[in-house]
Amino acid sequence: MNYPAKNLSPGDVINYRDLTVTIIGEQEADKNQFGLPWFRYLAETSGRTGYISFGPSGTVELIGKA
């Protein structure tokens, strides 16, 4: 299911680059390597925590809520 990444919120569980991750932070402003406006979320999977970034039209597979 293509779900707009801009609509994610803490507790959402998604597939991201072949990993199942849980969003644990609110959306934050970010920039890509060219300085264009993107956004990111703090997320965790298998005991690891880090940021995942998306462009303005990014979509994900939404699995459900944690």
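**Loop, core and rings**

Me: Where does Arg17 sit?
Reply: Arg17 is in the loop between β2 and β3. Keep in mind that this is a predicted model.

Me: And is Arg17 buried or exposed?
Reply: Exposed, because the relative accessible area of Arg17 is 70% and the cut-off for exposed is over 50%.

Me: How far is Arg17 from Leu42, C-alpha to C-alpha?
Reply: 15 Å, with the two residues 25 apart along the chain.

Me: OK, on to the inside. How many residues make up the largest nonpolar core?
Reply: There are 12, among them Leu8, Ile14, Val21, Ile52 and Val60. At least two core residues come from each of β2 (12–16), β3 (19–23), β5 (37–45) and β6 (48–54).

Me: Which strand gives the largest share of that core?
Reply: β5, with 3 residues.

Me: What does Phe54 touch, leaving out residues up to four places away in sequence?
Reply: Ala5, Leu8, Ile14, Tyr16, Trp38, Phe39, Tyr41 and Val60.

Me: Quite a few rings there. How many aromatic pairs does the structure hold?
Reply: 4. One of them is Phe39 with Tyr41, an edge-to-face pair at 6.0 Å centre to centre and 85 degrees between the planes. Phe39 and Tyr41 are both buried.

Me: Which residues form an aromatic cluster?
Reply: Tyr16, Phe39, Tyr41 and Phe54 form one together.

Me: Last one: what sits over the ring of Tyr51?
Reply: The charged end of Arg40, 3.7 Å from the ring centre.

Conventions
Residues are numbered from 1 along each chain as its sequence is written. This is a predicted model: local features need pLDDT of at least 70, side-chain atom pairs count only at pLDDT 80 or more; totals for chains, interfaces and linings use all residues. Side-chain values use heavy atoms; hydrogens and water are left out. A nonpolar core is a set of buried Ala, Val, Leu, Ile, Met, Phe, Trp, Tyr and Cys residues joined through side-chain atoms within 4.5 Å. Buried means under 20% relative accessible area, exposed over 50%, partly exposed in between (1.4 Å probe, protein chains only). Helices (H or I, at least four residues) and strands (E, at least two) are DSSP runs, numbered from the N terminus. Contact means heavy atoms within 4.5 Å. Rings of Phe, Tyr and Trp (its six-membered ring) pair if their centres lie within 6.5 Å; planes under 30 degrees apart count as stacked, over 60 as edge-to-face and the rest as tilted. A charge sits over a ring if NZ of Lys or CZ of Arg is within 6 Å of the ring centre and within 35 degrees of the ring normal.
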